[in-house]
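Subject: Structure handover

Dear colleague,

Here is the structure you will be working with. My notes on it follow below.

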Protein chains: 2
Amino acid sequence: MYMPLYYEDPVTDYWRLINDVTLWDVACQRQVEITGTDAARFVQLLTPRNLSTCKVGQCKYVLITNKNGGIINDPVLLRLGENHFWLSLADSDVLLWAQGVALNSGMNVNIAEPDVSPIQVQGPKSMLVMAALFGDWINELRYFWLKEIDLRGMPLVVSRTGWSGELGYEIYLRDGRYGDLLWEAVMEAGKPYNIGLGAPSQIRRMEAGLLSYGSDMTSNENPFEIGFEKYVDLEQEGDFIGKDSLRRIKAKGIKRRLVGLEIDGPPLKEGNEHPWTVFHDGRPTGKLSSCVYSPRLNKNISIAIVASKNSRDGTGLGVETTEGKRRATVVSFPFYDPEKHIPVS
Amino acid sequence: MYMPLYYEDPVTDYWRLINDVTLWDVACQRQVEITGTDAARFVQLLTPRNLSTCKVGQCKYVLITNKNGGIINDPVLLRLGENHFWLSLADSDVLLWAQGVALNSGMNVNIAEPDVSPIQVQGPKSMLVMAALFGDWINELRYFWLKEIDLRGMPLVVSRTGWSGELGYEIYLRDGRYGDLLWEAVMEAGKPYNIGLGAPSQIRRMEAGLLSYGSDMTSNENPFEIGFEKYVDLEQEGDFIGKDSLRRIKAKGIKRRLVGLEIDGPPLKEGNEHPWTVFHDGRPTGKLSSCVYSPRLNKNISIAIVASKNSRDGTGLGVETTEGKRRATVVSFPFYDPEKHIPVS
């Protein structure tokens, strides 16, 4: 499935996202639906995050790990019922993984891909748009909580989540036939707030330190390497896939670490399509996975995984970009003022 | 991963494929490598085809089924060693499926994606090109057998397989760094034989009755519905995923069946992007999954799944095409003279 990446241009879309509000077509964000009497136990098996406090109506950002502790996906988990979950996927396929795991698990679960097409309404004015569309209860919807609701006959799940680092919402349409109707309804409600078409913003998400699956993390990375220890509970009673490996990895210590890198010189015209090699003292020390020029920070910001010994803030490194070799510095991450940064729940 | 679909145009490429020889970049055809002391037993678990006669050095076309008997993929299996297999995939992801299945299987297997990039050399003159490149042993390589070999330092697996319905070979390059070198070597060896760039030909594969995963079959179809009972052995001693479901399905009988359809009227300008509805007596009876105009047969040929009761040769049906409603007739399948058709091994 394809996804629009920008409408006017990435920078215009970005300013609208941080000043007003934008509507994104993220229907490619597929859902893995898990039901059955053992659904809760099975979902816990899939992730190192301790879900014992996850209530019905709540969402959690989770990592899905394989038996080596490598990351398969980093979806948002939505708990629609005691034994009714969605994994709202990042850019890899978890449906077959989960079905394969279930096969010999001895658990009573049903795993399928429902007819769900999400859109995102993101930006500081998103709450106003959403309240105009749905009513005042929107103002009470807490960060990383959801509500099931019908709008003009359209079956929806609304959650206060998103991938922008700004205030924002996702609307999960549960019947693809209403796609146009929902889209037009949001655009109509957003008119007074200067709503515009948008898409996941590489600039804004990097400022916020949101990681992109397939680039900043893959199955070759484990949660410790990318700084996501907070989403791993090795002390929980129950088992999860990768627990033994992650225990060993933690005991041994990691040899490489994800960092923020500022790259010297004029604005890079294009980001990296493939990883760029990062150097320390002329020798390769890691790879840069994402890179963009932030007009607000007036800096080339990037995400890289480098040898732990070269990962301290202030370390001087080199990057082989497609526009030549550049000097770079390890900086604190995320890049944008953390006071204004909305943490991932 | 992307794949080139044609070079000059689909019809010019087609004539070159059936008259001469074409070289295809099918690096997107990824390999799932299965090793470990239980590899053979595990591979049998993945497919309903009885693999007890599959020798080292042999290839088998197999269906991968889920627990409901639905088809997840239809790869070519390559047996490189007693406990060393590749699944050369069609268009879906089997790596995570196989890793998930392995998790609780209690079997000692390792499942990974190796650095393998296949190309295909297809067409009646392919044997001449391959012999020029590799030597006379090519003439002895049997249909659906393979050989591991080095060519000018490039580590390769050569198999007499392919997705054209013509005589053809696949060359699996086991080190991506040599991609250009291998490509140029084949083009050089093919010069005297009028070799040209090509790609999987929708026309030729449909003439031959080769099915395309994701279109003609998905996880919603089982082997019986698509006429692939010959790749299911319910009597074999060992277990495989979907065995119970397929037993039930067989006992109950199938309600729909894959057929070849000839569509009346002038050549269709474009194939179907999405399934087209098929009608009987004005009522929907199924869906058309692939459609193309064959210049050699001078007919619009298509593959559809329709209600069993409307699936007999000669049955008159209707199809809602993007160029209007057309009359269609169920015909024997594959479309092209079976005497010249190379059966799938």
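This is a predicted model: local features need pLDDT of at least 70, side-chain atom pairs count only at pLDDT 80 or more; totals for chains, interfaces and linings use all residues.

Asn298(B) sits in the loop that links β16 (283-294) to β17 (299-307) of chain B. Its phi is near 50°, which is positive although the residue is not glycine.

Asn194(B) also has a positive phi, of about 60°, and is not a glycine. The loop between α5 (179-190) and β13 (196-198) of chain B holds Asn194(B). Asn194(B) counts as partly exposed, because it has 14 C-beta neighbours inside 10 Å.

For background, most residues other than glycine have a negative phi, and most peptide bonds are trans.

In chain A, Phe333(A) and Pro334(A) are joined by a cis peptide bond with omega of about 5°; Pro334(A) falls in the segment after β19 (324-331) of chain A. In chain B, the cis bond is between Phe333(B) and Pro334(B), with omega of about 0°, and Pro334(B) is in the segment after β19 (324-331) of chain B.

How are the two chains related? Chain A superposes on chain B by a rotation of 180° with 0.1 Å of shift along the axis, at an RMSD of 0.0 Å. That is the relation of a two-fold axis. Both copies use the same surface: 100% of the contact residues of chain A recur in chain B.

Regards

Notes
Residues are numbered from 1 along each chain as its sequence is written. Chains are lettered from A and ligands numbered from 1 in the order in which they are written. Copies are superposed by least squares on the C-alpha atoms of residues with pLDDT of at least 70 in both. Two residues are in contact if their C-beta atoms, placed from the backbone, lie within 7 Å. Helices (H or I, at least four residues) and strands (E, at least two) are DSSP runs, numbered from the N terminus. A residue is buried if 20 or more other C-beta atoms lie within 10 Å of its own, exposed if 12 or fewer, and partly exposed in between; C-beta atoms are placed from the backbone.
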